[in-house]
Amino acid sequence: MSSTDQRADAPAHADAEVPAEHEVPEDLSLAAEFEQATRDQWRELVAGVLRKAGREDLPDPVEEALTNTVATGVRVAPLYTAEDAADLPAAVGVPGLAPFVRGSRAGAEPAVPGGWDVRQRHAHPDVAVTKEAIAADLENGVTSLWLVLGEGAVPVDSLGDALSDVLLDLAPVTLQGGLPAAEAFLSLVEGRTDLAPGSSLGLDPLGLQAASGEPQDLSGLADVARRAAAHDGLRTVVVDATVFADAGASVVEELGCSLAAGVAYLRALTEGGLSVEEALGQLEFRYSASADQFTTIAGLRAARRLWDRVGEASGASPELRAQRQHAVTSSVMTTKRDPWVNLLRTTVACFAAGVGGADVVTVQPFDAELGLPDSFSRRIARNTQSLLVEEGHLARVLDPAGGSWYVESLTDEIAQAAWDWFTEIERAGGLVAALDSGLVRDRIGAAWDERAKRIATRKDAITGVSEFPNLAEKLPSREPLAWSPPSGGLPRVRAAQEFEELRDAADAAPERPKVYLATIGPIAKHTARASFAGNLFQAGGLETPSGNGVDGFADAGTTVACICGTDKDYADTAAGLAAGLRAAGATQVWLAGKPDLAVDGVDGYVYAGCDALAALRSAHDELGGKA
């Protein structure tokens, strides 16, 4: 019988006996025949690799050489094993139960089956434009709204008009605009008992005090909360920790300050006559989600654990101690330059917020730092979430990072450090006293100073800005943002700000400033360092024409040069080349390499880990493009 005559549903060898050598055992121990590797063996391998890379003075243990700081008092090691998380399982629990490390929900909320609440922010002062944007959002995946009201944003007296086409029994609404906005919403929904769960009046007087420096009164919160309680699911207070993150706080300061603010609100509400359980139900917490995905994941998990501890200490029953979290993609990480890269940053941050168990997520449009977002950027922002939920099935598994030795260890370390900071604030008299005394400002300032050093040396890279800049880019034009956050208190910072200021100064010059790259030897030898130097100087908006040695310097139209070659070439010819460049008119000469090369006639060195901002400012000053 030919092979074509054999029936497809009747394999010829279906009942054939399997040869003994092909039998598969029921229990497969794939590593059983290998000797168990030890941590000491791994350390020997690491030490060997580092020595080959030129590292001779190695710490003990050697992994300290590869350990990185991710937050104040929190460092990440290059390897985690079961030993690192041996004592943690008892503190982790399961989703939906105290201490809520693994999430506040045992399953999907009925309002957002299969995912989290997708919230979009609106602040356009033209009510017609806002209504159109709201309709587009709600028809295309957004499940709740965040409205900014007040001067330069949606007018408070137009709130009813802005929401006239919104089904408030289906779409939760969160406000930002203080007591006037809260009063307007309460008047709008007076008599209604069918509001969608998850709405909030958004009052955050302590966040306003932190941002503006102006004292705030908490005594009326309880009265507003009692009015809000007439509507099931309507909360009164948002503990907006992004105020601290936007000032430069690491996740440790952000969480600690949020706990201090939350406790202050609990005190104000209970002193106003609410029970602890009622007060807990009035609070929602807003956190920043950055492109540092594991720190974001661990931070959200740690925040729930810490708030559960606060609830426990306050005498609340376990089922009422879950923290409701709203994660917003970070403003600190958002860039004005090469804003398209923000699409990638916000995707990673949204991923982390979802995996970290946030109840609500807002993805800021990629053009948020350029002005008012347009319909395209809002569409991409909401579709980022839709893709992760609907196509990536990110919400299909609760706490997918749970059990990772790394994530569990990082969660614990962040929780411990944030609790220490929170208790320090409490010992200082609470958040108001700590703001008034400068304790919060100084602590956040110290955290930002450490981060700023890593940014300046490009250890914390900013793609499209400090790394791989595009000097020929054309930024999209956006309508100016009329609304701005309160100022006068804690500062607002962005990671890219200082590099972008140098770019702006270079763009404003009558002719773009240049640094001439004087290469030595064949292209194969100097390419790596020439590429590095070009990338660094372009991060400050400086054009980098190149040529062999002094050749081409006269035509470059600059007085600043950078020598690029190999260490051997430097030893043979770099000093002479520096002298030749100066003779040709160079007033500042750099060398792509480390200072221990000690080349005569060189003003400075650029290398991996150098202070790139300092080098760029020096070149700008020399070229007359002071920033």
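I began with the second largest pocket, where α16 gives the most to the lining, with six residues. I am working on a predicted model, so I kept its limits in view: local features need pLDDT of at least 70, side-chain atom pairs count only at pLDDT 80 or more, and totals for chains, interfaces and linings use all residues. Residues are numbered from 1 along each chain as its sequence is written, and side-chain values use heavy atoms, with hydrogens and water left out.

**Pocket.** I looked up the volume and got about 1100 Å³. Here a pocket is an open set of points on a 1 Å grid over the protein atoms alone, where a 1.4 Å probe fits, with protein on both sides within 12 Å along at least five of seven lines; lining residues have an atom within 4 Å of a point. The volume is the space filled by probe spheres set on the points, which are joined across faces, edges and corners. I found 42 lining residues, with Val-70, Ser-290, Asp-292, Arg-451 and Asp-460 nearest the centre. Among the elements that each supply at least two lining residues are β1 (68–71), α9 (251–271) and α16 (439–456). Helices (H or I, at least four residues) and strands (E, at least two) are DSSP runs, numbered from the N terminus. By class I noted 20 nonpolar, 13 polar and nine charged residues in the lining. Nonpolar covers Ala, Val, Leu, Ile, Met, Phe, Trp, Tyr, Cys and Pro, charged covers Asp, Glu, Lys and Arg, and the others, Gly among them, are polar.

**Helix α9.** I checked its span next: 21 residues reach 30 Å from first C-alpha to last, close to the 30 Å expected at 1.5 Å a residue (1.5 Å times one less than the number of residues). Of those 21 residues, 18 are buried, so α9 is largely enclosed by the rest of the structure. Buried means under 20% relative accessible area, with a 1.4 Å probe and protein chains only. Just after α9, I saw that Gly-273 takes a positive phi of about 110 degrees.

**Rings.** My search of the whole structure gave nine aromatic pairs (centres of Phe, Tyr or six-membered Trp rings within 6.5 Å; edge-to-face means planes over 60 degrees apart). Phe-537 and Trp-590 are edge-to-face, 6.3 Å centre to centre with 65 degrees between the planes. Phe-537 is in α18 and Trp-590 in β14, 53 residues apart. Phe-537 is buried at 0% relative accessible area, and Trp-590 is buried at 7%. Ring pairs also link Tyr-80, Phe-294 and Tyr-406 into a cluster.

Technical notes:
Phe/Tyr/Trp six-rings, centres within 6.5 Å; stacked < 30°, edge-to-face > 60°. Buried < 20%, exposed > 50% of the residue type's maximum accessible area, 1.4 Å probe, protein only.
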